[in-house]
Amino acid sequence: MYDGERAKMRACDGDRNCVVEHLNVAYSEGRLSKDEYDGRLEGVLAARTYADLDQLVADLPAARPPMATPVARTNGFAIASLACGLAQFVFGPLATIPAIVFGHMARGQIKRTGEQGAGLALAGLILGWAAVILGIVLVLGLVAVSVGTQGGTN
């Protein structure tokens, strides 16, 4: 599409938002005074075409692409905790203690470093402790049943 045709096209709210963001950056960098900034914002709201919007930012440097924000990595112990918590369903109680230990280690590291994975660590802890509690209940139930059957036969 030619620039002349583009200039006549109607702008949408998304286009206006981009220009407002450009003006915000220019104002925060000190390129515009408060009065200039306010006047241009009014112009953005009144703009109907791309040409209207282009006039508001023509004397400003082109907007820089947004800087990529680093993504916080997921804590390895949190992943291990959840993996061990889920592995209990396959390998039995063998993975219970590692799920609990890794979960506690992960939560401590996450608080210190700001890494991701708090939910994974918590899920691993819940699965690990649930298995411990279930194991205790089963053992107590078996003891009660064996005591009940021995006491009834005497």
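Mentor: F77 counts as partly exposed, at 26% relative accessibility, where partly exposed lies between buried (under 20% relative accessible area) and exposed (over 50%), with a 1.4 Å probe and protein chains only. The model is predicted, so local features need pLDDT of at least 70 and side-chain atom pairs count only at pLDDT 80 or more, whereas totals for chains, interfaces and linings use all residues. Residues are numbered from 1 along each chain as its sequence is written, and side-chain values use heavy atoms, leaving out hydrogens and water.

F102 is partly exposed as well, with a relative accessible area of 24%. The structure holds 2 aromatic pairs, a pair being rings of Phe, Tyr or Trp (its six-membered ring) with centres within 6.5 Å, called stacked under 30 degrees between planes, edge-to-face over 60 and tilted for the rest. The rings of Y27 and Y37 are stacked, with centres 4.5 Å apart and planes at 20 degrees, and they link helix 2 (residues 13-28) to helix 3 across 10 residues; helices here are DSSP runs of H or I, at least four residues, numbered from the N terminus. Y27 is partly exposed at 34%, while Y37 is buried at 11%. F77 and F102 are also stacked, 5.7 Å centre to centre with 25 degrees between the planes, and because F77 lies in helix 5 (residues 76-91) and F102 in helix 6, this pair ties together parts 25 residues apart in sequence.

In helix 6, T96, A99, I100, G103, A106 and I110 are buried. They cover an arc of only 130 degrees around the axis, which puts them on the same side of helix 6, the arc being taken from the directions from the helix axis to the C-beta atoms. On the other side of helix 6, I97 and R112 are exposed.

Technical notes
Helix = DSSP H or I, 4+ residues; strand = E, 2+ residues; numbered from the N terminus.
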